[in-house]
Amino acid sequence: MSFLEIDRLSKAYPGVQALKDVTFVVEAGHVHALVGENGAGKSTLIKILAGAVRPDSGSIMLDGQPYHPHTPKDALAASVSTIYQIFNLLPDRSIAHNVLLGREIRGPLGLLDIGAMHRQTAQILEQLYAGYLSPAQPVDSLKVGEKQIVEIARSLVNESRLMIMDEPTSALNQVEATALFNVIRSLRQQGVTILYVSHRLDEIFELADTVTVMRDGAHIATQPVTGLTRGLLVEQMIGRTLETIFPPRQATTSTESLLVVDELNSGNRLIDISFTLNRGEVLGVAGLSGSGKTELGQALYGDQRIDSGRITLHGKPYNPNPGKALRNRLVYLPEDRKGEGVFQEMSIRRNIGLSVLERLTGLFGFMNLRREREIAGQQIRRLDIRTPHMEQEVLNLSGGNQQKVALAKCLSIDPEILILVEPTQGIDVGVKFEVYQFIVDQVAAGRAVVLISSEVSEILGLSHRILVMREGRIAAELVTDATDQEEVLRYAIGEARPAAGTPHVLG
Ligand SMILES: Nc1ncnc2c1ncn2[C@@H]1O[C@H](COP(=O)(O)OP(=O)(O)OP(=O)(O)O)[C@@H](O)[C@H]1O
Ligand SMILES: [Mg+2]
């Protein structure tokens with residue numbers, strides 16, 4: 001008998017068979033990874049285990065007992081907790097309130113013991129390498145990665161037998177992810193079983209005991225990680241081989257500056273930021289959560305107040321402004337696709353159409369519907385957006401396919417400068433390659449990209465130069481060919497020269 005037995009689970013949505021007779025088992029005390037392309041059915045399976053979605057057919061056994069949760073409460077009662085791909089936090093409450101929701105600490109008079117709640121929360125945050133967050137901070141003031149940490153902190157408070165994590169690291173940087181891995185390992189030691197979805201294959205090899213591959217709603221394989229190669233895993237996932245992850249990077253030849261940033265300041269989030277972006281180059285921006293790299297992207301787009309400093313675009317002074325960005329052929333892919341990247345309740349076609357509105361508006365101001373369909377169709381094919389049709393509302397797409405719509409909105413504009421924040425978050429390995437190829441093609445065609453990412457390997461694989469940010473400042477400007485992952489991370493965490501024998505926190 002295995003701890004979790006999933007037997008012939010099926011689930012259909014209009015136009016999509018999300019799960020087809022999925023059968024596999026999960027052993028107690030294992031870290032069991034679940035991988036597959038965007039739209040493969042991973043989140044659907046997880047939602048069923050979490051009691052958020054009912055299957056059409058099939059059955060589940062948990063620890064020898066039939067397990068058919070009708071609501072998330074049923075799942076919690078069976079000691080199954082879930083970290084979803086989409087956040088589930090109360091935005092106007094503090095971090096401590098969210099982390100200890102349902103487990104508030106009360107004093108002798110039954111009043112909330114805020115001090116004790118803050119202390120306990122601080123302790124958990126510290127464990128997750130997020131000691132810089134204050135438990136009293138309201139959640140809606142947090143950035144995506146920080147919200148993810150709060151989600152994880154909350155699930156740690158619930159003592160679970162089965163902990164399900166749907167892409168917990170997609171918004172985390174390397175240091176935070178490493179801290180999470182340590183937490184997962186210690187949970188495993190305590191006998192907790194973990195079902196773990198990720199598109200970052202390195203993590204699977206680092207962390208998991210067993211891995212299950214799904215494709216197009218069907219179960220493909222369940223196997224031990226030991227002895228498995230990356231190539232085979234990728235082939236199981238996408239049905240073909242993929243030799244490299246990063247397309248070759250061309251040397252930059254141009255010294256023409258498209259964008260010059262001079263002594264930019266914004267509160268204590270951005271301090272004395274100066275750099276240039278040349279035609280034909282990818283400028284990577286690395287840094288931990290809270291380092292200011294997200295704010296830098298927002299400031300360049302005009303979504304962040306600027307206190308002082310100068311920005312020059314195409315040789316002219318530029319005052320960033322989202323309304324004018326497009327006319328200046330500057331596009332911005334925001335970090336938080338749910339908040340700003342896409343309109344969840346609109347169709348894929350409209351989402352893509354809106355971003356090219358100016359080009360599509362005809363002589364009399366009418367939208368050229370045929371053109372809109374054409375462009376949306378192109379992007380859907382190019383990024384392999386998995387959907388029954390282009391009229392599908394974005395909120396019904398899988399997480400990675402939503403991210404592809406956000407990307408498609410940027411790609412359909414024909415920009416000159418692209419500011420991309422976490423462009424591949426939640427995107428599967430096959431499409432990641434397409435996105436990387438797209439970035440390389442852009443700069444080969446004389447455009448320029450600011451690549452803001454928490455995946456250091458992605459920055460090293462694509463950028464020509466790298467800015468490493470820490471505490472609102474540029475801690476280092478590095479030439480990619482002359483640096484490596486370790487150096488970038490050392491600048492990011494502020495120990496550029498660790499003493500010999502210091503334990504290596506980054507694993
Ligand atoms: N509420 C819904 N309505 C319609 N279709 C849905 C709904 N939820 C999921 N789907 C579809 O079911 C399929 C499986 O989606 P699911 O979210 O399980 O994929 P996933 O493997 O988690 O992908 P990703 O890696 O992109 O997160 C997709 O084709 C998706 O569009
Ligand atoms: Mg998913």
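**Questions on a predicted model**

Q: In which helix is Gln379 found?
A: In this predicted model, Gln379 belongs to helix H14.

Q: Why is Gln379 called buried?
A: The term buried requires a relative accessible area under 20%. Gln379 has a relative accessible area of 4%, and therefore it is buried.

Q: Which residues is Gln379 in contact with, leaving aside its neighbours within four places in sequence?
A: Contact requires heavy atoms within 4.5 Å. Gln379 is in contact with Ile352, Asp384, Ile385, Ala408, Leu411 and Ser412.

Q: What makes H12 and H14 roughly perpendicular to each other?
A: Helix H12 (residues 348-355) packs with helix H14 (residues 369-382) at an angle of about 105 degrees, and their axes are 9 Å apart. Angles of 65 to 115 degrees count as roughly perpendicular, and the two helices are therefore described in that way. Their contact involves Ile348, Arg349, Arg350, Ile352, Gly353 and Leu354 of H12, together with residues of H14 including Leu369, Glu372, Ile375 and Gln379.

Q: How do you know that the span of helix H16 agrees with its number of residues?
A: Helix H16 (residues 429-444) has 16 residues, which at 1.5 Å a residue should span 22 Å. The C-alpha atoms at its ends are 23 Å apart, which agrees.

Q: Why is H16 described as largely enclosed by the rest of the structure?
A: Twelve of its 16 residues are buried, so H16 is largely enclosed. Among the buried residues are Val429, Phe433, Tyr436, Phe438 and Val443.

Q: What caps the N-terminal end of H16?
A: Asp428 does so, with a side-chain oxygen 3.1 Å from the backbone nitrogen of Gly430. The limit for a polar contact is 3.5 Å, and the distance of 3.1 Å lies within 3.5 Å. Just after H16, Gly446 takes a positive phi of about 90 degrees.

Q: Why do strands S6 and S10 stand at the edges of the sheet?
A: The open sheet of six strands is ordered S6-S7-S8-S3-S9-S10, with mixed pairing. Strand S6 (80-83) and strand S10 (218-224) each have a single partner strand, so one side of each is left without a neighbour in the sheet.

Q: What makes strands S3 and S8 a pair?
A: Pairing requires at least two bridges. Four bridges join strand S3 (residues 31-36) to strand S8 (residues 193-197), and the two run parallel. Within this pair, His32 stands opposite Leu195 in S8.

Technical notes: Residues are numbered from 1 along each chain as its sequence is written. Chains are lettered from A and ligands numbered from 1 in the order in which they are written. This is a predicted model: local features need pLDDT of at least 70, side-chain atom pairs count only at pLDDT 80 or more; totals for chains, interfaces and linings use all residues. Side-chain values use heavy atoms; hydrogens and water are left out. The expected span of a helix is 1.5 Å times one less than its number of residues. Buried means under 20% relative accessible area, exposed over 50%, partly exposed in between (1.4 Å probe, protein chains only). A polar contact is a pair of N or O atoms within 3.5 Å; within protein, one must be able to donate a hydrogen and the other to accept it, and residues adjacent in sequence count only if both atoms are side-chain atoms. Axes are lines fitted to C-alpha atoms, for helices over the stretch in contact, and angles run from 0 to 180 degrees between N-to-C directions. Angles under 35 degrees count as roughly parallel, over 145 as roughly antiparallel, 65 to 115 as roughly perpendicular and the rest as oblique.
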